[in-house]
Structure formats: C-alpha cells, structure tokens
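Keep the picture in view as you read.

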Amino acid sequence: NPSTTIGFALPASGNVNLVVFDILGREVATLLNKEMESGFQSVVFDASTYAAGVYFYKLSFNGKVVTKKLTLLK
C-alpha cells in the first residue's frame, strides 16, 4: 500500500506545518499548513507517485520542530 497515516498530538490549537523531504533534503510534499485544534490529529500521505526509499517528514508547531524518518516500500 503506497500510503501511510501520520498521527500526532497537539497540546493546544495553532498553526501546523507538515512537510515531506527526500533523502537529499528536497521538499517533495506539503501535507499540512493550516490552523488545527488541540488533541490527536492525523493526515494520510499518499506516496503512490513517489519512488521507494527513505523520506523524512518535519512537523512544525508553535516554534517546535519534530523530524521523523519513514521508509517507502513498493
């Protein structure tokens, strides 16, 4: 299945930016850039048009940044 769900919890309402990068650091997709409510949130990343390999996603919220790795297998 070429899609995955990225889940995260927000301690307060605010602007969320979620971007996916390839292994070379090039931005390949912006999944979120909007105001969201506090609580558990999720977004589906449809990677059907991307090559198999390692990707990173960066979640930015209220000045904090979390970066995680994901591996796409086809």
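How many bridges pair β5 and β6? Nine bridges link β5 to strand β6 (residues 64-72), and the pairing is antiparallel.

## Ground rules

This is a predicted model, where local features need pLDDT of at least 70, side-chain atom pairs count only at pLDDT 80 or more, and totals for chains, interfaces and linings use all residues. Residues are numbered from 1 along each chain as its sequence is written, and side-chain values use heavy atoms, with hydrogens and water left out.

Strands here are DSSP runs (E, at least two residues), numbered from the N terminus. Two of them count as paired if DSSP finds at least two bridges between them.

## The sheet

Four strands make an open sheet, in the order β3-β2-β5-β6, with antiparallel pairing. At the edges you'll find β3 (27-36) and β6, each with a single partner strand, so one side of each has no neighbour in the sheet. On average, neighbouring strands are turned by 15° against each other, direction ignored (axes are lines fitted to C-alpha atoms, and angles run from 0 to 180 degrees between N-to-C directions).

## Following the partners

Start with β2 (residues 14-22): eight bridges join β2 to β3, and seven join β2 to β5 (residues 53-61). Val-20 has Ala-29 in β3 as its bridge partner, while Phe-21 is partnered by Phe-56 in β5. Phe-56 also has a bridge partner in β6, namely Lys-69.

## The hairpin turn

Between the strands of the β5 and β6 hairpin there are two residues. Look for Asn-62 in this hairpin: Asn-62 takes a positive phi near 50°.
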